[in-house]
Amino acid sequence: MKVKGKMSLSSRLWLDRQMHDPYVKRAHKEGYRSRAAYKLLEIDDKFNLIKKSKYIIDLGAAPGGWSQLLAQKSSEDAKIIAIDLLNFDELPKVQQFIGDFEDEANQQKIIEALGQKADLIVSDMAPATVGHAQTDHLRIMNLVNSVYDFALNTLAPGGSFVAKIFMGGKEKQFFERVKKDFAKAYFFKPKSSRSVSVEIYVVGISRRASVGSVSDCMSIPQYAEKSKKVE
Ligand SMILES: C[S@@+](CC[C@H](N)C(=O)[O-])C[C@H]1O[C@@H](n2cnc3c(N)ncnc32)[C@H](O)[C@@H]1O
C-alpha cells in the first residue's frame, strides 16, 4: 500500500493493530461507532446499570459508541446528555454538547439539560496522552477527580458511576473516595480493553443518600483489589 510507505512507524503500527483487532471488526459489523462500545457493554453485562437508568450523562462521548449503547439499552423515555470536545453525529435520545467538560459553564449546561438528578454518569474521557506514563496518569486522575466531584453533586441517591482511569499509583486513593460514597465499588478491566493498556474502569454502584453506612465493596478478578468495609 503506497500510503503506508509515507506513514510514520507509530501510525503504521496503529493501522496494523486496528486492521487486526477483533473488536474493531466487530464494531464495523455490528454498526458501533467505536470499539470502545464493547467496554461499556462488558461493564453493563457485569453490573446491569443501563436498563434501570432513565437520566444518563456520557462524558467524553465522541465518536458516540457509548452513547449508542446507552440509547439502545435504556428505556424509551430515557434522556441522555453527552459532551465531548469533538462533534459527533446525532443519535436518538442523545442531546449533545460540544466543549470542555472541565469548564463549569458546560457542567451547568449539562445539569440544566438533564433537568433531574442523574441515575447514571459514565466517563470515558482521557486527556490527550503525552507518552510519559506518570504524567498521563496524573492528568487523568485530576480529570477523574473533577468528574467525581460533579457526579457527587449530580447523581441521585441510588445512582451509579463509571469512569476510566490509568493506573499509576493514585488509583487506590481515588477508589477510597468511591467506596465512601457508593454502596459498592469495583475496579473493572474489560476484556476489550487491551491488556497492554494501563486503562481500567472504576465503577461505583448505588450512591449513598448519606455517607456513613456500611459498605459492601468487592472487586472483580483480573485487576482486583479486595475492598475493605468502610465504617
Ligand atoms: C476514548 S474517547 C471516548 C470514546 C467513546 N466512549 C465512544 O465509545 O465512542 C475519549 C474522548 O474524551 C474526550 N475528552 C477528553 N477530555 C475531555 C474534556 N475535558 N471534555 C470533553 N471531552 C473530553 C476526547 O475528545 C475523546 O473524544
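These legends describe close-up views of a predicted model. Residue numbers start from 1 along each chain as its sequence is written. In this predicted model, local features need pLDDT of at least 70, side-chain atom pairs count only at pLDDT 80 or more, and totals for chains, interfaces and linings use all residues.

**View 1. The protein chain as a whole.** The protein chain has eight helices and seven strands. Helices (H or I, at least four residues) and strands (E, at least two) are DSSP runs, numbered from the N terminus. Of its 231 residues, 37% count as buried. Buried means that 20 or more other C-beta atoms lie within 10 Å of the residue's own; exposed means 12 or fewer, and partly exposed lies in between, with C-beta atoms placed from the backbone. Among contacts between residues at least 6 apart in sequence, 64% join residues at least 24 apart. A contact requires C-beta atoms, placed from the backbone, within 7 Å.

**View 2. The seven-stranded sheet.** The sheet is open, with the order β3-β2-β1-β4-β5-β7-β6 and mixed pairing. Two strands pair if DSSP finds at least two bridges between them. β3 (94-98) and β6 (182-188) are the edge strands, each pairing on one side only. Neighbouring strands are turned by 10° against each other on average, direction ignored. Such angles run from 0 to 180 degrees between N-to-C directions, and axes are lines fitted to C-alpha atoms, for helices over the stretch in contact. Strands of a sheet pair through backbone hydrogen bonds, either parallel or antiparallel.

**View 3. Strand β4 and its partners.** Six of the six residues of β4 (residues 118-123) are buried, so this strand is largely enclosed by the rest of the structure. β4 pairs with β1 in the parallel sense over four bridges. Here L59 stands opposite S123 of β4. β4 also runs parallel to β5 (residues 155-166), joined by five bridges. In that pair, L120 stands opposite S160 of β5.

**View 4. The antiparallel pair β5 and β7, with S206.** Six bridges join β5 and β7 in the antiparallel sense. A163 stands opposite V202 in β7. S206 also lies in β7 (residues 199-207). S206 has a positive phi of about 65°, although it is not a glycine. S206 counts as partly exposed because it has 17 C-beta neighbours inside 10 Å.

**View 5. Helix α7 against helix α8.** α7 (residues 133-154) and α8 (residues 171-181) pack at an angle of about 10°, with their axes 11 Å apart. That angle makes α7 roughly parallel to α8. The cut-offs are under 35 degrees for roughly parallel, over 145 for roughly antiparallel and 65 to 115 for roughly perpendicular; the rest count as oblique. M141, V144, N145, Y148 and L152 in α7 meet F174, R177 and D181 in α8. The residues of this contact divide into five nonpolar, one polar and two charged. Ala, Val, Leu, Ile, Met, Phe, Trp, Tyr, Cys and Pro count as nonpolar, Asp, Glu, Lys and Arg as charged, and the others, Gly among them, as polar.

**View 6. Helix α6 and A113.** α6 lies across β1, β2, β3 and β4, running at about 165° to β2. A113 has its place in α6 (residues 104-114). With 14 C-beta neighbours inside 10 Å, A113 counts as partly exposed. A113 touches I81 and Q95, not counting residues up to four places away in sequence. A113 and Q96 are 17 residues apart in sequence, and their C-alpha atoms are 9.8 Å apart in space.

**View 7. The shell around the ligand.** Of the 22 residues around the ligand, S34, A36, G60, G65 and D124 come nearest. α5 and β2 (79-84) are the elements that give two or more residues to the shell. By class, the shell has 13 nonpolar, four polar and five charged residues.

View 8. N48 lies in the loop between α4 (37-47) and β1. N48 has a positive phi of about 55°, although it is not a glycine. With 12 C-beta neighbours inside 10 Å, N48 counts as exposed. P63 lies in the loop between β1 (55-59) and α5 (65-73). The peptide bond from A62 to P63 is cis, with omega near 5°.

Methods:
Two residues are in contact if their C-beta atoms, placed from the backbone, lie within 7 Å. A residue is near a molecule or strand if its C-beta atom, placed from the backbone, lies within 6 Å of it.
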